[in-house]
Amino acid sequence: MELLARRMVSGLRHGLHRSRMVGISTDFNHHKLYATGDALKHIDWKASARHDRFYVKRYIEDRSLAVRIVLDGSASMLQASGGLPGKYRQGARIAACLGYLVLKERDAVGLSVTSSAATAWVPVSSRPNHMLQILQTLAGTQAQAQDSLADGLRVILDRHETRGIVVVVTDLMYDPDPVRLELGRLHAQGHEVLLIQARDVMEEDFPFNRWVQFSDLENKGVQHRLDAVLLKRIYREEYQALLLDWRVWARKFGMHYVSFRNEEDAVAVLTSYLAVRARMGREI
Amino acid sequence: MMFLQPGLLWALPFALAPLVIYFLMRYRSLRVAWGANYVLERALARLQKKVYLEQILLIVLRTLAALAIVLAFARPVSRQKSAATANAGVHHVLVVDRSASMQAGEPGNTRWDRAQEVLSRYVASWGRGERWSLCVVGEKPVWQVDGETHLDPARTKAILNGVKPGEGMVSWARTLPLIRDKLSGPGVELVLISDDQAIAWEGVEKPGVAGVGALSGYWVNTARADYENSAVLQARFGSSLGVAGQPCRIYIEVRHYGSEPVEGLPLEVLRDGAFYARELVSLLPGQSRTLSFDVIFDEPGSHYATVRLGKDMLGSDNMAYAGIDIRPAVKVVLLRDPGRSGKFDSAWPLLELSARALRGEAGKSRVSRDSQGPSMGAGPIMPQLKEGELRDGYLAGADVVVLDGGRTLTPELGGMLRDYVSSGGALILAPDGATDIQSWNRILAEKRLLPAPLIRCRTERLAGDRFQTLTRSDWPLSAMRIFETDEEGDIGHVRFYSWCEFGKPNTGAQVVKTFADRTPFLVRQDDRPGAVLLLAGGLSGGAGNLMAREFCLPYLMRLLTDAASGAVLPRVVVNGEAANLFFRPPPDFKGAAFQLDAGLPVGLTPSRVKAGMIATAPVPAGVWGLGAFLVLRERGVNRVWVGVQGEREDSDLRPLNQDGKKRIKLPCPLVEVNDWPQLEEQLKAVRIGGEYHHWVILALLACLVGEMVLERRFI
């Protein structure tokens, strides 16, 4: 997984740095009218002389970036069809790549793998060897039990982690309301939320033309035996409606939403997203 | 609703196949571990009720589709027309041909048997309460059932089983106009059962015969390549009187009506019911042939012969019966003047010679003179010579009396001869040059004993160039037809140097034979029960005359027996006419009856005539067989056999050709079928409407569309 992350990120870093160097000042942000209490050393005298007012220079706060990656570790992420990598595996790949990328930028990254059975927690750190801990956590954790993403997000709030980017890698196959509540809180506290949805081909296409007995991966014993032919259209409608709902909701809160199928190449998905993000002036 | 293939309805359970498949597929469902259960449950929650409804609807649709397929193969048909006519009442009109031709075919598989099978199946298809009529057509149509309500199938079948084929012939051209009023109308379903015999349908195509377009229905043609028929047209003995021990020739006329020649048809003659002779006959198409057999009866009395033709399609016309009376001998009385020398001087010795020759006793005279009393010889001819005055009773026992031309004829003798003929005797008049023509003409004419007036008698020089000869053909009497061949001698070589010329024969008299110059040779006058024969020449002893030839002995024998048969009324009668029996009642006579073909005897009331009684029995038309007069006595019954024959018009089985069928279908637009399956097919198509092809297809399409609308797939 580390090799994969290295290979992926080595291709990304060049683009990222170049974008950072072009046109944008690293410190100065904007001018502000002087107010009582402002330090005099920040007065821009040249600008004050030109406008006959005192202007104070404002600078971007120069802090390290904290990225918290939350990976959905519920059993539904195990869904894999047609020999393709499962949702969890794809999500883990993306998490590893992002972690590696962040650490290379000497920013801090943390990882949470959430499920109702157990939640793996890797604190945010920028130490170079922190990547090893992340990879060990990804490799040593199996998707299991029920979804517990809302709880995992609430932990971030409860721990008052440094504001940064929260990357949620999940399949979104659960009741959205609790998760949205927590995501909304994170957003309200200044976290930038990035939703990455992993979709399984079979789950989305619903390619069945006969009677099928569906066994719920998260809840053992829950089964549905039905004629898939009758349900196919409605299921697809519901599936697409759920995707659209998440997309609309994410846009409404200014969150980035990336969705990909497990048949797609993770490198391409991540590359295209980072390129878009770079054009928007965002960092990673 | 009815089905043309009801047997396929057993496949109806297959319509449940979709249900079975539903549960099978449900049982054998694919097991999938599913992560998107949240979406699945949302979809299920949204469609929970709809899913069940659609499931049921889909199963129903599929079951209906399977049902439609099964029904499509079972070919459902509507009862639309039946329902339409049910209110007015279906009226089944059966017209059944019971002519003799319906008996054609192999035993057990005749046209009639096939007709019975069709009738039986047809009646079984009727509904209770439907009306039906039955017209049985023979020589005339008879409505046996007229608009009766069909309630009891057993009774209806019993009526139909009671119909038997007859002997007559059907002429549809004559019959259809008589019955056509009942053959059409609302609700009438006409089924005409007949064969395709050409002569039966002859003339139907003539305008106005059957009423153009008036007939519609079905013609069940039961004929099956059984058209080659031969028939015995008639069988008659040469004379209804024979002599015991002497051959009695029976003439049998057979004819082949088929279109292919036949070979080796066995023709058998049975004597009193026992096999007697057999001959194989080969006939060309349309050929008639007359065969003859000599049958010898040993015992006197009434006898009969049966003629039977074997290996033939139509059995009813293969038999014929002929009766004959056998006498111990023919008693001949010759009347002449004593001491007369003339025509019969040599004729009489010839008779004597003939008697001995036929008896097989050469050189031994058994001829009795007047003084010697009646001859008691046992030969076939028992001649007696009567000279001088006759005494009462002289002629009583004679079968034939010959009046010599030289006999002095007195009114007393004329009266005696009159009585003799009236009592059944046969009189041969043999005038010659010595005959007193005037007195003969007067006295015999007065007594109605002269078939033709005498003009004159001629005697030419022997061996001269003037003579008369007979031809070997045109013998109207069957007994004499034998002389048309050479087998009994060539009578045409006989020259007559002495003969008489006659005037126009009297009413009731017929010229039996003429000379070569067409002048009469033999004139016969039947005076039932007696007969008078007038000979122009022959019984002459002169050299070169007829009786001088030995080969003319059979001629003499037949002439005498034929003459004597006048007292024996014909033992073969034509059906439709009366059979007569002349008999002398025995002392213990009680009554008379007539029995036909072993049926019940019918009592007769004989009328008295001179010297006996005559019993007359009507013979119905269309009846063939063996009849018998029963003379009832206190001790026993005397049976006299009579063959009942007649022309069979129905023997010609040749079928209508295609052109003929087209012609008769113009006035009779009947749908021709050959058996019950074909009739059933037609009846179902017309009586119960068309097939539900389109409905079945529509049902199937509806199921398909239903599936497509539901965006489902077929199993």
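The following questions and answers go through selected features of a predicted model.

Modeller: This is a predicted model, in which local features need pLDDT of at least 70 and side-chain atom pairs count only at pLDDT 80 or more, while totals for chains, interfaces and linings use all residues. Residues are numbered from 1 along each chain as its sequence is written, chains are lettered from A and ligands numbered from 1 in the order in which they are written, and side-chain values use heavy atoms, with hydrogens and water left out.

Colleague: How many helices and strands are there in chain B?

Modeller: Helices (H or I, at least four residues) and strands (E, at least two) are DSSP runs, numbered from the N terminus. On that basis chain B holds 14 helices and 38 strands.

Colleague: What percentage of the residues in chain B is buried?

Modeller: Buried means under 20% relative accessible area, exposed over 50%, and partly exposed in between, with a 1.4 Å probe and protein chains only. Of the 715 residues in chain B, the buried share is 53%.

Colleague: Of the contacts in chain B with a separation of 6 or more, what percentage is between residues 24 or more positions apart?

Modeller: Contact means heavy atoms within 4.5 Å. Among contacts in chain B with a separation of 6 or more, the share from residues 24 or more positions apart is 73%.

Colleague: Which residues form a disulfide?

Modeller: A disulfide is a covalent bond between the sulfur atoms of two cysteines; here the criterion is a pair of cysteine sulfur atoms within 2.5 Å. The structure holds one disulfide over all chains. Its sulfur atoms are 2.0 Å apart, and the residues are B:Cys457 and B:Cys500.

Colleague: What is the handedness of the disulfide of B:Cys457 and B:Cys500, and how many residues apart in sequence are the parts the pair ties together?

Modeller: The torsion about the S-S bond of B:Cys457 and B:Cys500 is about 80 degrees, so the disulfide is right-handed. B:Cys457 lies in strand β23 (residues 454-459) of chain B and B:Cys500 in strand β26 (residues 498-502) of chain B, so the pair ties together parts whose separation in sequence is 43 residues.

Colleague: Is B:Cys500 buried or exposed?

Modeller: The relative accessible area of B:Cys500 is 2%. B:Cys500 is therefore buried.

Colleague: Where is A:Phe206, and what kind of aromatic pair do A:Phe206 and A:Phe214 form?

Modeller: A:Phe206 is in the loop between α7 (201-205) and β8 (211-216) of chain A, and has a positive phi of about 50 degrees although it is not a glycine. Rings of Phe, Tyr and Trp (its six-membered ring) pair if their centres lie within 6.5 Å; planes under 30 degrees apart count as stacked, over 60 as edge-to-face and the rest as tilted. A search of the whole structure finds 29 aromatic pairs over all chains. For A:Phe206 and A:Phe214, with 5.6 Å centre to centre and 20 degrees between the planes, the pair is stacked.

Colleague: Which charged residues sit over the ring of A:Trp121?

Modeller: A charge sits over a ring if NZ of Lys or CZ of Arg is within 6 Å of the ring centre and within 35 degrees of the ring normal. Over A:Trp121, at 3.7 Å from the ring centre, lies A:Arg68. At 4.2 Å from the centre of that ring of A:Trp121 sits the charged end of A:Arg159.

Colleague: How are α3(A) and α4(A) oriented to each other?

Modeller: Axes are lines fitted to C-alpha atoms, for helices over the stretch in contact, and angles run from 0 to 180 degrees between N-to-C directions. The axes of helix α3 (residues 87-104) and helix α4 (residues 130-140) of chain A come within 10 Å and cross at roughly 175 degrees. Angles under 35 degrees count as roughly parallel, over 145 as roughly antiparallel, 65 to 115 as roughly perpendicular and the rest as oblique. The two helices α3(A) and α4(A) are therefore roughly antiparallel.

Colleague: With which residues is B:Gly625 in contact, leaving aside its neighbours within four places in sequence?

Modeller: B:Gly625 is in strand β36 (residues 625-633) of chain B, and is buried at a relative accessible area of 5%. Leaving aside neighbours within four places in sequence, the contacts of B:Gly625 are B:Tyr321, B:Asp597, B:Val642, B:Gly643 and B:Val644.
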